[in-house]
Amino acid sequence: MTGKHQKVALNPKSLPAPPARFSHGVRKGGILQTAGQVGFRPAVEGEPPTPAGPTLREQMLQTLANLQAVLEEGGATWDDVMMIRVYLTDTAHFAEMNEIYNAYFDEHPTEPPAARTTVYVGLPAGLLIEIDALAVLD
Amino acid sequence: MTGKHQKVALNPKSLPAPPARFSHGVRKGGILQTAGQVGFRPAVEGEPPTPAGPTLREQMLQTLANLQAVLEEGGATWDDVMMIRVYLTDTAHFAEMNEIYNAYFDEHPTEPPAARTTVYVGLPAGLLIEIDALAVLD
Amino acid sequence: MTGKHQKVALNPKSLPAPPARFSHGVRKGGILQTAGQVGFRPAVEGEPPTPAGPTLREQMLQTLANLQAVLEEGGATWDDVMMIRVYLTDTAHFAEMNEIYNAYFDEHPTEPPAARTTVYVGLPAGLLIEIDALAVLD
């Protein structure tokens with residue numbers, strides 16, 4: 001309003017509505033921050049959010065697609081991403097997560113790759129992975 | 001000193017002193033980052049930090065008040081907040097946290113709302129919630 | 001490329017190669033974000049990453065050295081750091097972590113100190129601490 005930059009909500013139509021008063025992403029000036037995304041399938045009117053499947057692979061690929069939708073809504077690409085925070089529920093998933101991660105970023109090259117932190121936390125029942133991203137645009 | 005922007009510590013008098021060599025918040029140029037806040041009551045000279053109460057509601061409202069104090073110390077408001085990271089200890093608290101979150105931001109409107117990530121971690125005994133926030137000012 | 005600022009990878013030679021397609025740190029314009037660092041010793045050709053030792057102290061001091069290497073690779077110092085995220089595996093380590101933290105930043109003064117969030121998560125077997133940092137440069 002009064003300032004140079006306005007904060008803009010990034011809520012792609014493909015994502016289920018956030019379960020509380022938060023945005024799937026926001027951009028203000030050159031900074032774009034996504035909310036933590038999980039592997040929920042594209043929203044279906046009148047149905048609750050549903051994971052893409054029970055496996056890490058299914059959920060992670062959907063999570064990355066959801067993140068990409070938020071980035072694009074904000075005019076960003078993976079190339080603008082500085083930091084990716086990966087939340088897993090089980091240390092046994094680390095190797096498979098890395099495989100999926102590398103394959104995904106083979107297909108969505110980003111040069112250089114973003115930084116990343118992976119930690120192991122609790123998540124709501126049925127969810128194996130959550131990811132958020134910070135991007136800096138020119 | 002030599003640069004355009006100086007890093008400034010944000011340590012509101014109402015908050016107990018940090019338990020180590022960190023600041024409750026810092027601002028440099030247009031970026032403001034708070035430390036993780038918990039539900040400690042306003043500092044009382046000579047007494048150790050004490051949670052506002054045993055319930056999620058009491059601790060969360062105090063945590064949000066502490067965050068607001070840090071934001072204000074840095075010349076920011078909730079409207080400048082881009083990202084809110086919520087750390088809970090129990091997935092069973094998610095629904096109640098969302099209720100409190102929505103009611104709080106009904107009273108402290110921010111348009112559009114910040115992004116948010118919620119994960120479930122361990123916290124020191126007696127603490128049920130920790131929250132930190134990233135703000136971008138014009 | 002087309003923009004004002006280019007994203008640059010920060011991968012100090014002293015650190016083991018990242019275990020997946022991510023960078024130990026990235027800088028774009030005035031924003032520098034490190035990946036989560038752990039207490040791995042400097043890389044030895046042909047050997048897998050090895051923690052500096054089994055104790056919190058050994059791992060934490062190595063982690064801080066690794067973070068410093070990433071910061072320096074990006075032209076930053078601890079003075080530019082806004083936020084330090086500490087991931088521990090055991091709440092019983094909090095007091096010792098604070099002691100090591102304070103002693104380290106006595107020797108590496110930063111005025112004012114960065115903000116900090118500490119939470120307790122799972123980490124891969126043998127690792128007791130992970131830390132990442134966000135810096136803002138002039």
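Buried area here is the accessible area, taken with a 1.4 Å probe, that two parts lose on being put together, summed over both. The model is a predicted one, and in it chain B and chain A bury about 2300 Å² between them, with 59% of that on carbon and sulfur atoms. On the chain B side, B:Met82, B:Pro112 and B:Asp138 supply 25% of the area buried against chain A, more than any other three residues. The contact draws 30 residues from chain B and 28 residues from chain A.

Polar features cross this interface too. There are 17 residue pairs in polar contact between chain B and chain A, and 3 salt bridges are found across the interface. In one salt bridge, the side chains of B:Arg85 and A:Asp132 meet at 2.8 Å, N to O. The side of chain B that touches chain A divides into 18 nonpolar, 6 polar and 6 charged residues.

Now for the fold of chain A. Its 6 strands form an open sheet of mixed pairing, in the order 1-2-3-6-4-5. Strand 1 (7–9) and strand 5 (115–120) of chain A each have a single partner strand, so one side of each is left without a neighbour in the sheet. Strand 4 of chain A runs parallel to strand 5, joined to it by 6 bridges, and A:Arg85 stands opposite A:Thr117 in strand 5.

Helices pack here as well. Helix 2 (residues 94–107) of chain A touches strand 4, strand 5 and strand 6, its direction making about 150° with that of strand 5. Helix 1 (residues 56–73) of chain A lies across strands including strand 6, at about 25° to strand 6.

Note on methods: Residues numbered from 1 in each chain as written. Chains lettered and ligands numbered in written order. Predicted model: local features only at pLDDT ≥ 70, side-chain atom pairs only at ≥ 80, totals over all residues. Heavy atoms only, no water. Contact = heavy atoms within 4.5 Å. Salt bridge = Lys/Arg side-chain N within 4 Å of Asp/Glu carboxyl O. Polar contact = N/O pair within 3.5 Å; in protein donor to acceptor, adjacent residues only side chain to side chain. Nonpolar A, V, L, I, M, F, W, Y, C, P; charged D, E, K, R; others polar. Pairing = 2+ DSSP bridges. Helix = DSSP H or I, 4+ residues; strand = E, 2+ residues; numbered from the N terminus. Axes fitted to C-alpha atoms, helices over the stretch in contact; angles between N-to-C directions.
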